[in-house]
Amino acid sequence: MSASATSRQRILDSIAATTRPVAKAPAQLAEGYAALPRGYQRIGQLSAEACVERMIERLREYDAEVVESTPDQLPEAIATQLGSSGRHTFAAPVGLPAEWYAAGFNWKMDSSLETAEIEKAEGVVTAAFCGVADSGTIVLHHSAMEGRRVLSLLPDWHLCILLASQVVETLPEYFRRCPQPPALATFISGPSATADIEMTRIKGVHGPRFLHVILVHDEGDARPTPQ
Amino acid sequence: MSHAAPTHPVLDPALAPPFPQAALPVLRNPQLRKNVAHAIDVIQAKRARLVTEKTDWQELRTAASAMRAHVLENLGAYLTEFETKCTAAGGIVHWATDAAEARQIILDLLRKENASEVIKIKTMTSAEIQLNPFLEAAGIGTYETDLAEIILQLGGEEPSHIVVPALHVNRSQVREIFARRMGIKDLSDDPEALTAAARSYLRQKFLTVPTAISGANFLIAETGSVAIVESEGNGRMCLTLPRTMITLAGIEKVLPRYQDLEVMLQLLARSATGERMNPYTSLWTGVTPGDGPQRFHVVLLDNGRSSMLAREVERQTLKCIRCAACMNACPVYRQTGGHAYGSVYPGPIGAILTPQLMHMHHAQSLPYASSLCGACYEVCPVKINIPEVLLELRHQVVDQERKRAGRIFDPMYLGLRIANLIFSRAWLFHAAQRMARIGLRCFTRKDGWIHSLPSVGAKWTQTRDLRGLPSQTFHEWWAARRKEAR
């Protein structure tokens with residue numbers, strides 16, 4: 001480690017020697033940062049309904065399957081989606097509301113499942129932290145309702161429950177919803193894809209090949225509470 | 001000097017032939033040129049559509065450019081902040097002054113893990129330090145997991161683009177490589193079937209190999225987090241399943257705050273692949289108990305970068321976020337593809353980055369591998385004025401030449417000295433004009449054009465015609481006209 005410690009000093013010295021005329025003291029640094037130009041669009045212009053509509057449209061452009069639901073009908077909507085998938089074994093984080101675990105399916109509840117167990121699941125159901133309509137992006141912060149990172153990765157089929165109140169229009173609006181930066185975050189924009197062979201877009205290389213979204217019109221107040 | 005064109009591209013700038021020579025194999029290979037042009041046309045069309053749609057594109061560029069410049073001016077402060085936060089979150093930060101030190105740090109870490117195999121997320125920085133051959137020689141099997149990187153690794157090919165590294169390989173070539181190296185007998189050349197083959201080839205590796213290596217798209221100083229931008233999910237696999245993760249990142253990759261991703265992520269995917277957003281972006285912070293690798297190392301690599309900070313013109317080079325928009329827009333890259341640049345960083349950004357990483361000791365032909373048309377500057381999401389840097393580097397190459405002892409034997413040097421002499425004296429200039437008129441007469445065809453010249457002159461006429469000298473110069477005509485008027 002001592003070699004790296006010396007290298008650390010050498011690199012920092014070299015940087016200091018080359019940036020000295022411009023490098024700032026901590027207070028000036030914060031000032032310099034605050035003065036950075038931010039003339040880009042930070043707040044969306046669409047109404048809440050139009051914003052949700054755009055989210056759905058963009059998700060569909062990514063070949064994600066989107067259905068809409070009310071909070072009351074959500075458990076039924078989940079059961080319908082699971083049923084029509086033709087799959088039986090589903091993984092899910094332990095923190096989901098009890099009524100989301102539809103009856104008649106084989107559930108693998110994850111808090112610390114072995115990878116091999118998750119690999120055996122045919123699908124996964126999770127909540128989300130935020131949806132960004134502009135790019136059709138779903139952001140996970142991997143809370144108890146969104147599950148560990150591996151959970152929404154290995155199963156080939158992902159059903160994500162997104163609330164209308166979680167949908168924002170622009171990416172900067174998502175960042176405004178994070179006063180504390182998350183330790184873990186995954187931004188998902190459509191199913192896993194590649195265009196490495198002759199720029200032909202192919203769905204599903206390693207991540208889930210099928211992304212299903214239930215968009216819940218919760219009017220901003222009926223956020224389901226975690227268990 | 002004329003060497004035989006090498007059959008296999010050399011991407012080590014210390015060993016690669018000069019650009020004009022390295023470009024010949026591609027220029028003579030119509031299939032390769034077709035593959036490159038097709039890929040670029042597709043990305044360019046998608047990018048153009050999505051950039052037009054973004055009404056605040058120029059404001060985003062301005063913000064990104066200022067932010068990256070601010071980071072580089074204060075790089076020491078942001079790097080130490082990153083180090084403190086990453087360490088507090090359970091990560092271990094290493095510093096490497098050059099490629100050799102970075103390779104050794106990574107090998108030592110792998111030895112400590114008793115690793116015999118390692119899975120890798122595509123990282124240009126690891127290609128820059130030639131990590132794979134080093135690890136292989138030390139007995140550690142490296143498995144690239146990005147589809148394009150698998151194609152290159154299994155096919156023994158070299159990357160020719162920084163975002164789509166195998167764009168020079170077409171589907172039937174991929175089919176041949178996969179069939180041979182994966183032992184699949186009846187594989188079709190349908191991209192869907194080829195992708196599926198790669199998926200099953202790698203699945204077991206993801207689930208069993210306990211050590212992974214990644215690069216970094218961004219380091220966040222405020223939190224000590226690392227961000228990876230990808231499409232396939234191989235990145236998420238490598239970031240989630242192994243026990244130990246080693247991230248190799250250039251020191252310039254840092255951003256001040258988490259929020260700053262709101263600028264970079266909007267620019268990167270649109271510029272790189274012509275998508276509104278890439279399928280997956282992952283961000284992690286040190287070690288999270290119960291989720292992902294429980295041992296995490298970051299190797300911060302200098303390898304020539306800190307010396308590029310000294311002057312504002314060259315410093316811009318380090319603003320780069322590796323989107324490859326410049327190579328997609330470049331008329332030279334379009335003709336030559338990436339291998340001609342003799343570096344893992346091709347195209348306009350490679351032409352300014354590579355010679356500087358080499359401290360101007362190698363790759364001196366690259367600043368000339370450009371028409372200075374400015375298309376690269378126009379598309380650059382962080383507004384790197386590449387033509388300006390190219391000119392500055394040309395200046396430095398000329399200064400080097402000027403100091404070279406054997407320069408007086410160089411025909412180019414000699415020619416320019418003589419030209420200097422002639423152009424600075426009117427009587428010599430007029431005499432030279434008269435001599436050239438006589439000397440060139442036998443090369444000038446009836447149409448008034450010179451189609452081929454011998455010796456050094458052939459360098460001009462092999463690609464373009466030269467207009468023959470007129471029988472009278474303007475000066476002569478003017479003098480004759482005044483005499484007549486009198």
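Modeller: Let us begin with the term contact, which means heavy atoms within 4.5 Å. By that criterion, the contact between the chains takes 92 residues from chain B and 74 residues from chain A. Please bear in mind that this is a predicted model.

Colleague: What is the area buried between chain B and chain A, and what part of it do carbon and sulfur atoms give?

Modeller: The buried area is about 7,200 Å², and carbon and sulfur atoms give 59% of it. There are also 8 salt bridges between chain B and chain A, and 33 residue pairs in polar contact, both residues being at pLDDT 80 or more. On the side of chain B that touches chain A, helix 11 (residues 191–208) of chain B gives the most, with 10 residues. That side of chain B divides into 44 nonpolar, 27 polar and 21 charged residues.

Colleague: Why is the pair Glu198(A) and Arg171(B) called a salt bridge?

Modeller: The rule asks for a side-chain nitrogen of Lys or Arg within 4 Å of a carboxyl oxygen of Asp or Glu. In general, side chains of opposite charge can pair when their charged atoms come close.

Colleague: Which salt bridge links distant parts of chain B, and where do its two residues lie?

Modeller: Glu53(B) forms a salt bridge with Arg276(B), the closest N and O atoms being 2.8 Å apart. Glu53(B) is in helix 3 (residues 30–53) of chain B, whereas Arg276(B) is in the loop between helix 13 (261–273) and strand 9 of chain B; the two are 223 residues apart. Over all chains, the structure holds 34 salt bridges.

Colleague: What makes strand 9 of chain A and strand 9 of chain B a pair?

Modeller: At least two bridges are required. Strand 9 (residues 185–188) of chain A and strand 9 (residues 280–285) of chain B are joined by 4 bridges and run antiparallel, so they count as paired. One of the bridge partners in strand 9 of chain B is Leu283(B), which faces Ala185(A).

Colleague: How many bridges are there between strand 5 and strand 8 of chain B, and is their sense parallel or antiparallel?

Modeller: Strand 5 (residues 218–220) of chain B pairs with strand 8 of chain B over 2 bridges in the parallel sense. With at least two needed, this pair therefore qualifies. Leu219(B) stands opposite Val254(B) in strand 8 of chain B.

Colleague: What is the order of the strands in the open sheet, and which strands stand at the edges?

Modeller: The sheet has 8 strands in the order 8(A)-5(A)-6(A)-9(A)-9(B)-6(B)-5(B)-8(B), with mixed pairing. Strand 8 (167–168) of chain A and strand 8 (254–255) of chain B stand at the edges, because each has a single partner strand; one side of each is thus left without a neighbour in the sheet.

Colleague: Where is Gln41(A) found, and which residues does Gln41(A) touch?

Modeller: Gln41(A) is found in the loop between helix 2 (26–34) and helix 3 (48–61) of chain A. Leaving out residues up to four places away in sequence, Gln41(A) touches Glu169(A), Thr170(A), Pro172(A) and Asp56(B). The side chain of Gln41(A) also reaches the backbone oxygen of Ile43(A) at 3.3 Å.

Colleague: How is chain B divided into domains, and what joins domain 2 to domain 3?

Modeller: Chain B is divided into domain 1 (35–306), domain 2 (319–407) and domain 3 (408–485). The contact between domain 2 and domain 3 of chain B takes 5 residues from domain 2 and 4 residues from domain 3. The area buried between these two domains is about 340 Å², with carbon and sulfur atoms giving 41%. Arg404(B), Gly406(B) and Arg407(B) supply 86% of the area that domain 2 of chain B buries there, more than any other three residues. The count between the two domains is 1 salt bridge.

Colleague: Why do Asp410(B) and Arg404(B) count as a salt bridge?

Modeller: Their side chains meet at 3.9 Å, N to O.

Technical notes:
Residues are numbered from 1 along each chain as its sequence is written. Chains are lettered from A and ligands numbered from 1 in the order in which they are written. This is a predicted model: local features need pLDDT of at least 70, side-chain atom pairs count only at pLDDT 80 or more; totals for chains, interfaces and linings use all residues. Side-chain values use heavy atoms; hydrogens and water are left out. Domain bounds come from an automatic or database domain assignment. Buried area is the accessible area (1.4 Å probe) that two parts lose on being put together, summed over both. A polar contact is a pair of N or O atoms within 3.5 Å; within protein, one must be able to donate a hydrogen and the other to accept it, and residues adjacent in sequence count only if both atoms are side-chain atoms. Ala, Val, Leu, Ile, Met, Phe, Trp, Tyr, Cys and Pro count as nonpolar, Asp, Glu, Lys and Arg as charged, and the others, Gly among them, as polar.
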